[in-house]
Amino acid sequence: MAKFEFYLVKPSYCYFCISKSLKMITISLKKITFLFFFILFYSCNSFYNEDYKKPDLVDENASNQIKELHKRLFYISKKGIAIGHQDDTSYGLGWNYKDDPTTIKSDVEKVTGDFPAVFGFDLGWIEIDKQYNLDTVPFNLMRNLIIDAHKKGGIITISWHLQNPVTEGSSWDKTTAVSSIIKGGSEREKYELWISRVATFMASLQYNGEAIPVIFRPFHEMNGSWFWWGGENCDPKDYITLWQETVQLLRDKHNLHNILYAYSPNKLNPNDAYLAYYPGDDYVDILGMDIYDFNNAEDYVKSVTNDLAIVKKVATEKNKLFAFTETGLESLQTEKWFTKVLYPAIENSGICWVLTWRNYDTKHHYMPYNGQLNEADFIEFEKLPKTLFLKDINSLN
Ligand code: BMA
C-alpha cells in the first residue's frame, strides 16, 4: 500500500519539480549567455578606449601579440620616447656576440646600466641565402638575440638592406630593378624566392610556442636615390606595387601574422611630399622618418622638428603610430649631442621611439661606448624624463 501511494503521489510532484528545474535551468542558461556576451563585449571594448582607438591593422588576422605591441607602443608614446639602437647586442666597440655567445652585451648597457627599449636588426643578405647578414651577423645568432630581446621585454624592429635583384650587387647598386620584381617582371620568380627566405626567418622567431611580434621596415629612405628601390631609380607607382605585393606575400602566401609594417622616408627636401611613395593605409601600420645629423646640429634640429611634425599630423589623421625610425651623428664628435641636440629636437614630437644606427668601430658608431666623448652626456640623457630604456618600458603597464 505504502508503495502504491508513493507512486500515486510522487509522479505529479516529480513532474512539478522537473518542470521547475527545467525553467530554472533555462533562466540560468539565459543568464550565463547574457553574462558571457556581456564579458565578451566588455573585454573587447576595454582593449580599446577613447584614447586608444581600434587601429585598422595591415593584417586583419594579426596575432594578439601584435595587437598588444601596437597598444604598448601607443601608450609608450604617451609617457615618453623608447630609445632604440641598431645591432645593439650583436656587436659594439671591442666585442662581438659571435666571439662569445654565452653573454649578451650592449654598449648602451655598458654605459647606462640598462639596455635600449628598441632593438634594431637587419636582414640584408638573407635573400641570397647567406649564413650571415651584410654586417657579418650570423642569422642563427641574430635569431637568438631577437628571442632574447623579446624575453627581456624589448621591442624589435627589422630593416632589410637587400641586394639588387637584377645584378645581385648591393642595395646601393642603382641598376633599375623594382619594375623587374613586381608581378610580371623578369626577376619575379627570384623575388618570390627571396621573400620566402625572409618569411622562413620571420616564422622561426618563436618564444613559448608563439610568434614574436616584430616591426618590419623594408625599402626605407625611398625618397633618396641611394638605394635601387628609391628616388630616380624607380617609379613611385612601381615602388607602391612592390610594397603591396611584398605585404601580400608575407601575410597571405606565407601566413605571417606577427608583423607591423613601417614606412620610413628620409628627411624631406623642400619639394618632397611625405606621402609620395605611401603604399596606402591598408599596407602601413607605422609612419616613420629617417634623418641624420651630418655635423650640422642647427640644420638637423630644424629638419627633425619640421619633419616629425608632418609625420605626426599625417599619422594622427590616419590613426597610425609614428616613430623616428633612424637617426644619429656618425662618430658623435659634437659634445653633449644627446641632451643638447637630439633631446630638444624630439622631446615634444610625440614619437613612439627613436633608433640610432649601429656601433661598428671608432669611426662608424652612433651610440657612445665606454670612454667615448659623449659617454657622460648619454648617462644624463638616460635620466631625462622622457627617455625610456628597457627597464622604463617594462615598468609601464
Ligand atoms: C649603413 C652602414 C653600412 C651598413 C648598412 C646596413 O648605414 O652602416 O656600413 O652595411 O647601414 O646596416
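Predicted model: local features only at pLDDT ≥ 70, side-chain atom pairs only at ≥ 80, totals over all residues.
## Second largest pocket

The second largest pocket has a volume of about 370 Å³. The element that gives the most is H2, with 4 residues. By class, the lining of the second largest pocket has 6 nonpolar, 5 polar and 5 charged residues.

## Largest pocket

The volume of the largest pocket is about 570 Å³. A total of 26 residues line the largest pocket, and Glu221, Trp226, Tyr292, Phe294 and Glu326 lie nearest its centre. The lining divides into 9 nonpolar, 9 polar and 8 charged residues.

Leaving aside neighbours within four places in sequence, asparagine 266 is in contact with Glu221, Asn223, Trp226, Met289 and Asp290. Asparagine 266 sits in the loop between strand E9 (259-263) and strand E10 (286-287). Is asparagine 266 buried or exposed? Its relative accessibility is 15%, so asparagine 266 counts as buried, the cut-off for buried being under 20%.

## The protein as a whole

The protein has 397 residues, and 52% of them count as buried. Its secondary structure comes to 11 helices and 15 strands. The accessible surface is about 19,000 Å², and carbon and sulfur atoms account for 55% of it.

Contacts can also be sorted by how far apart the two residues are in sequence. Among contacts between residues at least 6 apart, 73% join residues at least 24 apart.

## Cavities

How many cavities of 30 Å³ or more does a search of the whole structure find? The search finds 2. The largest cavity has a volume of about 50 Å³. Its lining consists of Ser90, Tyr91, Asn96, Tyr97, Lys98, Thr136, Val137, Pro138, Leu141 and Leu145. By class, these are 6 nonpolar, 3 polar and 1 charged residues.

The second largest cavity has a volume of about 30 Å³. Gln86, Gly120, Phe121, Thr157, Ile158, Ser159, Arg217, Thr325 and Leu355 line the second largest cavity. Strand E4 (118-122) and strand E5 (155-159) are the elements that give two or more residues to this lining. The largest share, 3 residues, comes from E5. The lining of the second largest cavity divides into 3 nonpolar, 5 polar and 1 charged residues.

## Cysteines

A disulfide is a covalent bond between the sulfur atoms of two cysteines. A search of the whole structure finds 0 disulfides. Cysteine 234 has a relative accessible area of 11%, so cysteine 234 is buried. Cysteine 352 is at 1% relative accessibility and therefore counts as buried.

## Threonine 387

Threonine 387 belongs to strand E15 (residues 387-388). With a relative accessible area of 3%, threonine 387 is buried. Not counting residues up to four places away in sequence, threonine 387 touches Ile81, Ile83, Tyr343, Phe381, Glu382 and Asp392. One of these, tyrosine 343, is 44 residues from threonine 387 along the chain, and the C-alpha atoms of the two are separated by 8.5 Å.

## Two residues with positive phi

Most residues other than glycine have a negative phi. Tryptophan 125 is not a glycine, yet has a positive phi of about 95 degrees. Tryptophan 125 is in the loop between E4 and helix H4 (139-151). Its relative accessibility is 22%, so tryptophan 125 counts as partly exposed.

Asparagine 208 is not a glycine either, and has a positive phi of about 55 degrees. Where does asparagine 208 lie? Asparagine 208 is in the loop between strand E6 (206-207) and strand E7 (210-211). With a relative accessible area of 66%, asparagine 208 is exposed, the cut-off for exposed being over 50%.

Key:
Residues numbered from 1 in each chain as written. Heavy atoms only, no water. Buried < 20%, exposed > 50% of the residue type's maximum accessible area, 1.4 Å probe, protein only. Contact = heavy atoms within 4.5 Å. Areas by Shrake-Rupley, 256 points an atom, 1.4 Å probe, with all protein chains shown as cover. 1 Å grid on protein atoms, 1.4 Å probe; cavity = no way out; pocket = protein on both sides within 12 Å on 5 of 7 lines; lining within 4 Å. Points joined across faces, edges and corners; volume = space filled by probe spheres on them. Nonpolar A, V, L, I, M, F, W, Y, C, P; charged D, E, K, R; others polar. Disulfide = S-S within 2.5 Å.
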